[in-house]
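Hi there,

Here is the structure I promised to pass on to you. Please have it open while you read the notes below.

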There are 2 protein chains.
Amino acid sequence: MIEQNAAPKYELSLTRVIDAPRSKIFKAWTTPELVKQWFAPLPWTTPHVEMDVRPGGANLFVMSDPDGNEFPNRGVYLEVVENEKLVFTDAFTSAWVPSAKAFMVGTITLEDLGGGRTKYTATVLHWSEEDRQAHEKMGFYEGWGQCTDQLAALVAKL
Amino acid sequence: MIEQNAAPKYELSLTRVIDAPRSKIFKAWTTPELVKQWFAPLPWTTPHVEMDVRPGGANLFVMSDPDGNEFPNRGVYLEVVENEKLVFTDAFTSAWVPSAKAFMVGTITLEDLGGGRTKYTATVLHWSEEDRQAHEKMGFYEGWGQCTDQLAALVAKL
């Protein structure tokens, strides 16, 4: 069967080995007080975080630039597998209300490498090549890369 | 908190009272052999149906025009509450791969009116006013209305 509405995967992806067990990384992704400590690339911050971590649960991440201007971002969790996988999208602001734009779906996967180390993969799919390119130009690799460094530094202390 | 990516609800909605209990209507929405009998407005038909009815499960509805041209439509279920609610979208072709376009989210709600009658509501939300209008011009009320008549006629025989 030919798919009418299938699309190529407009993907951006980042993989790191983090020197911490999966449970600590998952905790850092799902606990508001921890998320605030690493989610935005410094000198940006994340002063306000709300998360209902379950399929269909909504989230709100408010990022702040160095001048204190705040940028709220709402989304919904699509899939939650404790210590293994987290999928979220900005396509909905709550279950199941379309957002202003379906821009991306993010998937975090945590693979146990043994010895307390974890293969960390962040995959972001987009609805169009235009959006994928825009996200890359917005600094996906630099921004998500820096946040992943901040995440790794945080979980090392947990 | 002001929402950055909230949108007004670009909604189309249809409500009917159907002379059948909720369980029969839910069954007609979730059983491929039954879906084939009412899903497309005649003289269109639905010769092929695949459904994995659970949150994150994919579906495929192949509709056929009177000349036999086939139009496959893929989507994913977002929420399934037996005999009460079914939410699906064409924004994904499988969990969680973006489709060519996030066009709509459909919600079917079944309310028990007693005496074996059901209040049937189909609500469709879109990502833009442009898409809502396009869907209306495609014949939403006529098409979904005719399908609902076909559905009501089918469940009367179950």
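A quick definition before we start: helices (H or I, at least four residues) and strands (E, at least two) are DSSP runs, numbered from the N terminus. Please also keep in mind that this is a predicted model.

Let's begin with the backbone. Most residues other than glycine have a negative phi, and most peptide bonds are trans. The places below depart from that pattern.

Cis peptide bonds

In chain A, the bond running from Ala95(A) to Trp96(A) is cis, and its omega is near -5°. To find Trp96(A), look in the loop that connects strand E6 (92-94) with strand E7 (97-98) of chain A.

In chain B, Leu42(B) and Pro43(B) are joined by a cis peptide bond, with omega about 15°. Pro43(B) sits in the loop between helix H2 (32-35) and strand E2 (45-51) of chain B.

Positive phi

Asn83(A) is partly exposed, as its relative accessible area is 23%.

Now turn to chain B. Asn83(B), again a residue other than glycine, has a positive phi near 65°. You will find Asn83(B) in the loop from strand E4 (70-81) to strand E5 (85-89) of chain B. With a relative accessible area of 23%, Asn83(B) is partly exposed.

Methods: Residues are numbered from 1 along each chain as its sequence is written. Chains are lettered from A and ligands numbered from 1 in the order in which they are written. This is a predicted model: local features need pLDDT of at least 70, side-chain atom pairs count only at pLDDT 80 or more; totals for chains, interfaces and linings use all residues. Side-chain values use heavy atoms; hydrogens and water are left out. Buried means under 20% relative accessible area, exposed over 50%, partly exposed in between (1.4 Å probe, protein chains only).
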